[in-house]
Amino acid sequence: LIRGVWRFYVVLNFHLATAKYVFLNDNFQPMAYMNFSKETKIVQLWHGVGAFKRFGLSTETISLNRMCTEKGNQRLTHLIVSCPQVIGHYAEAFGVDPSVIFPDGVPVTDYYFDEERKAKGQARFFEKYPELMGKKILLYTPTFRKTLKENLELLDHFDYKEVKKQLGEEWAILIRLHPQVHEALTIDPAYAYDMTEYDDVKDLYLVSNTLVNDYSSTMVE
């Protein structure tokens with residue numbers, strides 16, 4: 001326990017403070033209280049593609065969270081986005097000047113242009129779930145909602161048990177819940193596979209024949 005605390009609060013912070021490059025995929029509120037070297041490049045890669053919903057400061061209503069997020073984002077030197085058309089949305093969502101936003105394409109999508117990596121991803125999935133080889137696969141990937149009540153109703157809006165009955169044994173249903181709601185919902189393994197803990201969601205995209213989605217940027221990938 002002591003070693004873990006020391007590593008988290010001292011060692012990792014030392015490396016963060018002395019790093020030449022810092023890469024993020026989400027807002028990191030502690031940056032509001034950090035001072036970096038002028039030479040340090042802090043690159044926000046974000047974890048979604050495009051701008052299909054309101055996010056970041058565009059939805060933050062808790063004043064302390066908003067203050068920490070906005071202040072921390074002033075440390076950003078680069079914010080990488082998918083295309084010029086979304087620059088304004090990201091400037092609003094992160095509270096940054098458009099001059100630090102670079103529409104160079106989101107690195108995560110490079111994966112889909114690498115045939116070798118894609119083949120390995122598919123092979124990795126079927127090695128873990130050999131019983132799904134040869135089946136048609138439907139993937140359901142809802143994002144989280146604002147309230148617990150809404151999150152608990154996510155599976156009510158997609159009756160996967162009835163879908164499985166209608167599709168039959170030819171199909172398999174995979175459900176990838178958002179980590180923020182996973183523990184609150186239970187998926188019946190007799191009807192669907194819970195893939196929330198699967199380590200690389202890109203593999204799931206590659207093996208699926210059909211995607212059922214909402215406003216998540218999953219649809220872009």
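**Classifications in a predicted model**

The structure holds 0 disulfides, a disulfide being a pair of cysteine sulfur atoms within 2.5 Å. This is a predicted model, in which local features need pLDDT of at least 70, side-chain atom pairs count only at pLDDT 80 or more, and totals for chains, interfaces and linings use all residues. Residues are numbered from 1 along each chain as its sequence is written, and side-chain values use heavy atoms, without hydrogens and water.

Q: Why is threonine 143 called buried?
A: Buried means under 20% relative accessible area, exposed over 50%, and partly exposed in between (1.4 Å probe, protein chains only). Threonine 143 has a relative accessibility of 5%, so this residue counts as buried.

Q: Which residues does threonine 143 touch, not counting those up to four places away in sequence?
A: With contact defined as heavy atoms within 4.5 Å, they are Lys53, Leu154, His178, Asp214, Tyr215 and Ser216.

Q: What makes cysteine 83 partly exposed?
A: Its relative accessible area is 23%, and therefore cysteine 83 is placed in the partly exposed class. Cysteine 68, at 6%, is buried.

Q: How do you know that S6 and S7 pair?
A: Two strands pair if DSSP finds at least two bridges between them; strands (E, at least two residues) are DSSP runs, numbered from the N terminus. Strand S6 (residues 171–175) and S7 have 2 bridges, in the parallel sense.

Q: What makes the places of S7 and S8 edges in the sheet?
A: The open sheet has 4 strands in the order S7-S6-S5-S8. S7 (193–194) and S8 (210–213) each have a single partner strand, so one side of each lacks a neighbour in the sheet.
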